[in-house]
Amino acid sequence: MGIIAWILIGLLAGAIAKLLLPGKDPGGIIITMLIGVAGALLGGWLGMVIFGIDSIGGFFDLSTWVAAIVGSLILLLLYRAFTGGRRSHRHA
């Protein structure tokens, strides 16, 4: 799979993770999508390390999507834990 496919999977996995874990996140949708891209990479790596499987078989493989979504959920939970789930407010 190419880098464009991984970015697309990551963006969609980030959106799915956000749907599964609703709530306000500091940083908004852009940060959530970036977390999705990083989570897709994390999920693929964890699949290889923990289970010894190649979870990056192809764009339409279920294992690819599961790994990307699980990785995105992990990173989204970590992000919320480190930021305290608070949102920054800017005043003009």
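## S72 in helix α3

S72 lies in helix α3, which spans residues 62–83 (helices are DSSP runs of H or I, at least four residues, and strands runs of E, at least two, numbered from the N terminus). The model is predicted, so local features need pLDDT of at least 70 and side-chain atom pairs count only at pLDDT 80 or more, while totals for chains, interfaces and linings use all residues. Residues are numbered from 1 along each chain as its sequence is written, and side-chain values use heavy atoms, with hydrogens and water left out.

S72 counts as buried because its relative accessibility is 1% (buried is under 20% relative accessible area, exposed over 50%, partly exposed in between, with a 1.4 Å probe and protein chains only). Leaving aside residues up to four places away in sequence, S72 touches A13, G14, A17, I35, G36, G39 and A40 (contact means heavy atoms within 4.5 Å).

## The chain overall

The protein chain has three helices and zero strands, in the order α-α-α along the sequence. Of its 92 residues, 33% count as buried. Among contacts with a separation of 6 or more, 74% join residues 24 or more positions apart.

## α1 against α2

Helix α1 (residues 3–20) packs on helix α2 (residues 28–51) at an angle of about 115°, with the axes 7 Å apart (axes are lines fitted to C-alpha atoms, for helices over the stretch in contact, and angles run from 0 to 180 degrees between N-to-C directions). This angle makes α1 roughly perpendicular to α2 (under 35 degrees is roughly parallel, over 145 roughly antiparallel, 65 to 115 roughly perpendicular, and the rest oblique).

On the α1 side the contact is made by W6, I7, I9, G10, L11, G14 and K18, and on the α2 side by T32, M33, G36, V37, A40 and L41. By class, this contact of α1 with α2 has eight nonpolar, four polar and one charged residues (Ala, Val, Leu, Ile, Met, Phe, Trp, Tyr, Cys and Pro count as nonpolar, Asp, Glu, Lys and Arg as charged, and the others, Gly among them, as polar).

## α2 against α3

The axes of α2 and α3 are 6 Å apart, and the packing angle is about 125°. The two helices are therefore oblique to each other, and their crossing is right-handed.

From α2, residues I31, I35, G36, A38, G39, A40, L42, G43, G44 and L46 meet A67, A68, G71, S72, I74, L75, L76 and Y79 of α3. The contact of α2 with α3 has 12 nonpolar, six polar and no charged residues.

## α1 against α3

α1 and α3 cross at roughly 60°, their axes coming within 8 Å. That makes α1 oblique to α3, in a right-handed crossing.

W6, I9, L12, A13, G14, I16, A17, K18 and L20 of α1 meet T64, W65, A68, I69, S72, L73, L76 and R80 of α3. The contact of α1 with α3 divides into 12 nonpolar, three polar and two charged residues.

## F60 in the loop

F60 sits in the loop between α2 and α3. F60 counts as exposed because its relative accessibility is 77%. The C-alpha atoms of F60 and I9 are separated by 9.9 Å, although these residues are 51 residues apart along the chain.

How values were computed:
Left-handed = near helix turned anticlockwise from the far one by under 90°.
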